[in-house]
Amino acid sequence: QVQLLETGGGLVQPGVSLRLSCAVSGGTFSFAAVGWFRRAPGKEREFVAAMSWSASSIYYSDSVKGRFTISRDNAKNTVSLQMNSLKPEDTAVYYCAGRTRPVYGSSYYVSAGQYNYWGQGTQVTVSS
């Protein structure tokens with residue numbers, strides 16, 4: 001049973017940095033893509049960042065481009081999201097997701113419905 005576990009959330013002030021990690025465990029599998037999504041209070045889940053497992057393709061939403069960085073650590077089997085210059089509008093529950101089926105284009109990375117494994121989420125609150 002594949003499991004994704006997010007850690008690293010918390011309450012921070014605007015302008016600071018935070019690093020989220022997603023530990024992947026269980027079974028034998030191969031993700032074609034991994035991504036981060038978030039759901040703010042009263043809003044729908046939205047795409048944040050995603051990458052191919054090979055890291056040859058990386059995508060960011062316009063709202064986080066230049067501030068957030070997605071990366072993967074092969075040795076630790078983790079996917080990270082480095083978040084810099086955090087803003088109050090970044091407040092949300094952040095979810096890690098994995099897709100095992102092949103990816104056929106950029107639209108597969110940014111759509112939550114294309115991922116078949118999800119973590120439980122970690123809360124990030126940006127407030128002064």
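This is a conversation about how the terms used for this predicted model follow from its computed values.

Colleague: What should I know about the numbering and the model before we start?

Modeller: Residues are numbered from 1 along each chain as its sequence is written, and side-chain values use heavy atoms, with hydrogens and water left out. This is a predicted model, in which local features need pLDDT of at least 70 and side-chain atom pairs count only at pLDDT 80 or more, while totals for chains, interfaces and linings use all residues.

Colleague: How do you know what confidence the chain has?

Modeller: The predictor gives each residue a confidence from 0 to 100, called pLDDT; the chain averages 94, and 98% of the residues score at least 70. Confidence is lowest in helix H1 (residues 106-110), with a mean of 93, and highest in strand S11 (residues 122-126), at 98.

Colleague: What makes S1, S3, S8 and S7 a sheet?

Modeller: Two strands pair if DSSP finds at least two bridges between them, and five bridges join S1 to strand S3 (residues 18-25), so the two are paired, in the antiparallel sense. The open sheet of four strands has the order S1-S3-S8-S7, with antiparallel pairing. Strand S1 (3-7) and strand S7 (68-73) each have a single partner strand and stand at the edges, so one side of each is left without a neighbour in the sheet. From one strand to the next the twist averages 15°, an angle between N-to-C directions on a scale from 0 to 180 degrees, with axes fitted as lines to C-alpha atoms.

Colleague: Why is the pair Cys 22 and Cys 96 called a disulfide?

Modeller: The term is used for a pair of cysteine sulfur atoms within 2.5 Å, and the S to S distance of Cys 22 and Cys 96 is 2.1 Å, so the pair meets the cut-off. The pair links distant parts of the chain, with Cys 22 in strand S3 and Cys 96 in strand S9 (residues 92-99), 74 residues apart. The torsion about the S-S bond is about -80°, so this disulfide is left-handed.

Colleague: How do you know whether Cys 22 and Cys 96 are buried or exposed?

Modeller: Buried means under 20% relative accessible area, exposed over 50%, and partly exposed in between, with a 1.4 Å probe and protein chains only. Cys 22 has 0% relative accessibility and therefore counts as buried, and Cys 96, at 1%, counts as buried too. In strand S8 (residues 78-83), Ser 80 has 6%, which also makes it buried.

Colleague: What makes a group of residues a nonpolar core, and which residues touch the most other members of the largest one?

Modeller: A nonpolar core is a set of buried Ala, Val, Leu, Ile, Met, Phe, Trp, Tyr and Cys residues joined through side-chain atoms within 4.5 Å. The largest has 27 residues, of which Trp 36, Val 48, Phe 68, Leu 81, Met 83 and Tyr 94 touch the most other members. S3 gives the most to this core, with four residues. A second, separate core of eight residues includes Ala 33, Tyr 109, Ala 112 and Tyr 115.

Colleague: What is Met 83 in contact with?

Modeller: Contact means heavy atoms within 4.5 Å; leaving aside neighbours within four places in sequence, Met 83 is in contact with residues including Val 16, Leu 18, Phe 68, Tyr 94 and Val 124.
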